[in-house]
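Follow one residue into the site, then the ligand shell around it. Keep the model open as you read.

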Amino acid sequence: MREILIAVGEDPDRDGLVRTPARVARAYAELFAGLRVDPAKVLTTAFEANHEELVLVRDIEVMSLCEHHLLPFRGVAHIGYIPGEHGRITGLSKLARLVEVFARRPQVQERLTAQIADLLMEKLDPRGVIAVLECEHMCMAMRGIQKAGSRTVTSAVRGLFQCDAKSRAEAMSLIIG
Ligand SMILES: Nc1nc2c(ncn2[C@@H]2O[C@H](COP(=O)(O)OP(=O)(O)OP(=O)(O)O)[C@@H](O)[C@H]2O)c(=O)[nH]1
Ligand SMILES: [Zn+2]
């Protein structure tokens with residue numbers, strides 16, 4: 001970070017900047033803390049509830065950093081699943097925790113979306129999962145093409161939602177609100 005400050009023409013020894021490299025190191029440790037967390041451990045709480053229909057949590061806050069520029073992208077995630085045969089469900093907060101673990105890594109939005117869907121499929125064994133993310137990327141807003149306000153929508157559908165157009169359409173209509 002000291003080298004970067006020198007490269008952009010700053011004096012890394014001036015008052016306001018002298019502790020910046022250490023601060024940035026601490027900030028990055030926090031922003032990338034998801035690299036040191038096993039996402040499977042987030043879903044350890046699951047219970048049988050005999051609920052075999054859609055569970056959908058909308059508007060989960062997403063804040064991540066794109067791996068190309070290490071600039072933030074932020075927006076919301078909508079995550080839904082249809083429990084498996086025994087109606088195995090997880091705590092609602094666990095869906096948000098899952099977003100958090102994968103978001104706190106250098107990311108691309110597509111992979112973040114897929115990782116959330118894949119882990120839910122693997123750990124909950126549901127009939128289907130749908131994950132939709134809508135984010136604005138600062139690397140497109142603050143620099144480069146400089147188009148603030150554009151939102152990127154990515155989806156990952158697994159299991160039943162892949163082959164059953166009616167279930168997918170129903171989930172999508174609830175996601176769009
Ligand atoms: N698919 C995808 N692309 C992303 C994501 N975040 C950033 N990008 C893109 O990654 C690309 C990197 O392109 P490069 O040409 O290597 O880098 P660049 O010269 O800085 O590109 P510009 O942003 O076009 O100036 C850019 O088009 C970004 O918009 C993401 O989550 N998913
Ligand atoms: Zn970027």
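His69 sits in the loop between strand 2 and strand 3 (72–82). Helices (H or I, at least four residues) and strands (E, at least two) are DSSP runs, numbered from the N terminus.

This is a predicted model: local features need pLDDT of at least 70, side-chain atom pairs count only at pLDDT 80 or more, and totals for chains, interfaces and linings use all residues. Residues are numbered from 1 along each chain as its sequence is written, while chains are lettered from A and ligands numbered from 1 in the order in which they are written.

An unreviewed UniProt entry annotates Cys66, His69 and Cys139 as "binding site"; positions follow the numbering used here, feature names are shortened, and annotations may be inferred rather than shown by experiment. They are spread over 74 residues of sequence, yet their largest C-alpha distance is 7.9 Å.

Cys66 belongs to strand 2 (residues 55–66). Cys66 is partly exposed because it has 19 C-beta neighbours inside 10 Å. Leaving out residues up to four places away in sequence, its contacts include His137 and Cys139; contact means C-beta atoms, placed from the backbone, within 7 Å.

Now turn to strand 6 (residues 128–137), which holds Ile130. Ile130 is buried because it has 27 C-beta neighbours inside 10 Å.

How values were computed. A residue is buried if 20 or more other C-beta atoms lie within 10 Å of its own, exposed if 12 or fewer, and partly exposed in between; C-beta atoms are placed from the backbone. Two residues are in contact if their C-beta atoms, placed from the backbone, lie within 7 Å.
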